[in-house]
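Here's a quick briefing for anyone meeting this structure for the very first time. Have a look at the sequence and the model, then come back for the highlights.

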Amino acid sequence: MVKNLLFDLGGVIMDIRRENCIESLKRLGMADPGMFLGEYVQAGPFGELESGKISPAEFRDELRKWLPAGVTDEEIDSAFEDFLIGIPLHRLHELEELRKKFSVYLLSNTNPIMWNDRIAGEFKKDGKTISHYFDGMVTSFESKCMKPDARIFEDVVEKFGIKPEETIFLDDSASNTAAAEKLGFKIITVTPGAEFAELLSDVDCK
């Protein structure tokens, strides 16, 4: 029986579009932001921010090496956060319904700039906060490592006291779900256009 659901954020709960961020950074004067920004994993200062190796201030300073003089912190943050489209309200309601049957957790490769601003804001759109929707949350920048590294999944197990074999992990990256499966998690790889509520509709709960 499944007792727990472990959700990725981007591409599963939140709609994202890498190209929006690339276009916004180019408008700021960055020649080739695509060399750092992947669909599932980031590199360079983006990856260092996401893995907790540098602070937001250090990230902005690093990025300025590829930007014209005079670009502000606010402009950098806004362009970076254009990666995020948003969370449809129905998915917030679906998370609430799932919490009536399962323990629901979040495991996200993310960064403090997005986490504390636009991500937090999206979860407030129905008058609540992000902690209302999850029994616990693990982020890459706080864990100092990113999926698909096994250590971040081990952090989840240790922090929440859950068993992988009683947990379904949902992620839009096949490499991430493959890593979780090796550790004993049940997995669902969420393909573009799929809705997690439909994918979980036939799952037996505890």
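Let's start with the cysteines: Cys145 has a relative accessible area of 4%, so this residue counts as buried, the cut-off being under 20%. Keep in mind as you read on that this is a predicted model.

**Cysteines**
- Cys21 is buried too, because its relative accessible area is 0%.
- If you're wondering how many disulfides there are, the count comes to 0.

**Around Asp77**
- You'll find Asp77 in helix H4, which covers residues 73-81.
- Is Asp77 buried or exposed? Its relative accessibility is 15%, so Asp77 goes down as buried.
- Leave aside residues up to four places away in sequence, and Asp77 touches Arg60 and Ile113.
- With Arg60 there's also a polar contact, made side chain to side chain at 2.9 Å.

**Strands E6 and E7**
- Which way do strand E6 (residues 167-171) and strand E7 (residues 186-189) pair? They run in the parallel sense, with 4 bridges between them.
- To spot the pairing on screen, look for Phe169, which sits opposite Ile187 in E7.

Notes. Residues numbered from 1 in each chain as written. Predicted model: local features only at pLDDT ≥ 70, side-chain atom pairs only at ≥ 80, totals over all residues. Heavy atoms only, no water. Helix = DSSP H or I, 4+ residues; strand = E, 2+ residues; numbered from the N terminus. Buried < 20%, exposed > 50% of the residue type's maximum accessible area, 1.4 Å probe, protein only. Polar contact = N/O pair within 3.5 Å; in protein donor to acceptor, adjacent residues only side chain to side chain. Contact = heavy atoms within 4.5 Å. Pairing = 2+ DSSP bridges. Disulfide = S-S within 2.5 Å.
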